[in-house]
Amino acid sequence: MKIATMIRRKVVLFLLCASVLAPIVLYTDRLSIGSNSIVNNGFGNQVSNLGTGMEIAKLNVVKQEVTNPVKEPIGVVLADNLSNFSQDTVQKNNEAAEFNERGLILTKPVELEHKNRVLSEVPDRENGLNTEAFIEQVTQNAASKDASSLGEAKAEKRPALVQANKVPLPDLRVRQMKDQLIRARVYLDLSGTRTNAHYVKELRLRIRDVQRALGEATKDSDLPRNANDKLKAMEQTLARGKQIQEDCAGTVKKLRAMLHSAEELLHVHKKQTLFLTQLAAKTLPKGLHCLPLRLSNEYYNLEPAKREFGNKEKLEDPSLYHYALFSDNVLATAVVVNSTVTNAKHPGDHVFHIVTDRLNYPAMRMWFLANPPRHATIQVQNIEDFTWLNSSYSPVLKQLSSQSMIDYYFRAHKSASNSDSNLKYRNPKYLSILNHLRFYLPQMFPKLKKVVFLDDDIVVQKDLTGLWKIDMKGKVIGVVETCGESFHRFDRYLNFSNPIIAKKFEPRACGWAFGMNLFDLDVWRQQNITEIYHSWQNLNEDRLLWKLGTLPPGLITFYNQTIAIDRWWHVLGLGYNPHVNTRDIERAAVVHYNGNLKPWLEIGLPRYRGYWSMYVDYDQMFLRECNINP
């Protein structure tokens, strides 16, 4: 009985164990079948059947695409900003992919260790590395390694990696922090900020923080970890500072006042500069003061018979080429004569009529006696020898000797306060009748038909005999017109607010310049031009029609009596314009140093001095004794 009971208990226990263990064994077996199915069929295609272990049933409604075999992967693509990638970057075949925690899609490499090696080289964004540069580097490395393992032909077929974005500016944070410091210092100087003590204190604190964070850093990788916090804090402080600046109108008013003050100061400095330039132009250099003294002393030591020039028979020969030159500057006159004779084809046919004042007469004669021009004829005259030229005949001579005119020129203590236009004409050279002799050429040379007038601040670079061949067409004077520049019109020289001027002349009429002019003395005599000159001088006794000088009365006297000649005969501007075209200068027959910057003065423009100094013999005894050097 007991034995039977024991047997029943063992049977029951066995059945209980079997009932418990059997489900476990059966479930484990099915689970292993499902796992194998997952491995064999792939994760992406078996997700829906993970719990059943059954094979995938094909869809009957949608036509199934035939899958291509998995190809070898080609590299890495940045997952960020995928919208900027071209469609060609995405593989059309079903490539396996693995995602890592840094947001990169890494295509499956050929071998497992290749994958691990690529993953180990992915940059850490927290360290601020350039991810795009890393991608390009890894792509190049992977391409070279794959090419070595799969062959060069296969590697050439891989598509190139398309960059998602342009490379950003390097060291952007360093640049931003430097800009913030500049803005902060500007805010500290604004009136609206200075009145807010709390904000000033905060702003200075932010400046110190940014300066410490910036330190000696030249690139973003040199900045400390808290640099971003300092940058954001400073930006917030600057934003509040911008709101504080409410008095914009007051600031604009203050800036305008400062601008006006600066303009006034600039105007004063310009006037002072002009006055000093005029003073330098009037002042005779020491060497040029020494030269006439030395020459005069030598002249009076000569015997009377040796003080005369030869070729006197040529002085009134109308078939020769005659030049009129009026100057009290010995060296300048020497350059004019020397340059003309040097470039003349037949120097013996050229005659120079030089007129100077009593003070420089012996020096001028001595220079040409000691340095006779090559075969040319020289005549030097004293202006006081023209006894017919007196105040009873010439209105201008009467005006120049008046006390009011002398006061006008020599009020030096008031010159700086006068207008710029007045300063230009307040030159004592206008007191000299030498400057007005050009209006008396027919009276000075009664037997000549044509004369070329030359200023003493010109240089002749070509043969001038072609001037005598110009058809004057019944006009008195041949000129080079200067209307190409707006300030060489009549309205710049004449007072058109005066009805006498406004009625007779056109304000935009083309101007011209003295310096090198051809005069037909026969037509001059027929038109009685000198009397026209006298009548206008009488009308301008009170200087209401024009300021002083010779060009304004010349424009009036020879109005409608000019013939325009080629501009290459006479190029102007070398005494004031530093931008005269070099090609124009070299092409010109005559270059003119009109203006205050004469080539014999230290203030002369160095660029043009060589055209003048090349006709000066600095080895000449008198120049060396007076220490006149190039």
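**Asking why: cysteines, rings and helices**

Modeller: Number the chain's bonded cysteines in sequence order, and the pairing comes out as 1-4, 2-3. Bear in mind that this is a predicted model, where local features need pLDDT of at least 70, side-chain atom pairs count only at pLDDT 80 or more, and totals for chains, interfaces and linings use all residues. Residues are numbered from 1 along each chain as its sequence is written, and side-chain values use heavy atoms, with hydrogens and water left out.

Colleague: What makes Cys290 and Cys626 a disulfide?

Modeller: Their sulfur atoms are 2.2 Å apart, and a disulfide is a pair of cysteine sulfur atoms within 2.5 Å, so this pair passes. Cys290 belongs to helix H11 (residues 286-300) and Cys626 to the segment after helix H24 (621-625), so the link joins distant parts of the chain, 336 residues apart. Helices here are DSSP runs of H or I with at least four residues, strands are E runs of at least two, and the numbering starts at the N terminus.

Colleague: Why is the disulfide of Cys290 and Cys626 called left-handed?

Modeller: Because the torsion about its S-S bond is about -70 degrees.

Colleague: Cys290 and Cys626: buried, exposed or in between?

Modeller: Buried means under 20% relative accessible area, exposed means over 50%, and partly exposed is in between (1.4 Å probe, protein chains only). Cys290 has 26%, so it is partly exposed, while Cys626 has 6%, so it is buried.

Colleague: How many disulfides does the structure hold?

Modeller: Two. Cys483 and Cys510 are also joined, S to S 2.2 Å, and with -85 degrees about the S-S bond their link is left-handed. Cys483 sits in the loop between strand S9 (477-479) and helix H18 (499-504), and Cys510 in the loop between H18 and strand S10 (516-520), 27 residues apart.

Colleague: On to rings. What makes Phe439 and Tyr533 a stacked pair?

Modeller: The structure holds 24 aromatic pairs, one of them Phe439 with Tyr533, at 4.0 Å centre to centre and 5 degrees between the planes. Rings of Phe, Tyr and Trp (its six-membered ring) pair if their centres lie within 6.5 Å; planes under 30 degrees apart are stacked, over 60 edge-to-face, and the rest tilted. So Phe439 and Tyr533 count as stacked. Phe439 and Tyr533 are both buried.

Colleague: And why is the pair of Phe519 and Trp524 called tilted?

Modeller: Their planes are 50 degrees apart, with 5.5 Å between centres, so the pair falls in neither the stacked nor the edge-to-face range. Phe519 is buried at 0% relative accessibility, and Trp524 is buried at 1%.

Colleague: How do you know that Arg567 lies over the face of Trp568?

Modeller: Arg567 is 4.1 Å from the ring centre. The rule asks for NZ of Lys or CZ of Arg within 6 Å of the ring centre and within 35 degrees of the ring normal. Arg438 likewise lies over the face of Phe514, at 4.8 Å.

Colleague: Last one: how do helices H6 and H9 pack?

Modeller: H6 (residues 172-189) and H9 (residues 227-244) pack at about 30 degrees, their axes 10 Å apart. Axes are lines fitted to C-alpha atoms over the stretch in contact, with angles from 0 to 180 degrees between N-to-C directions. Their crossing is left-handed, meaning the near helix is turned anticlockwise from the far one by less than a right angle (clockwise would be right-handed).
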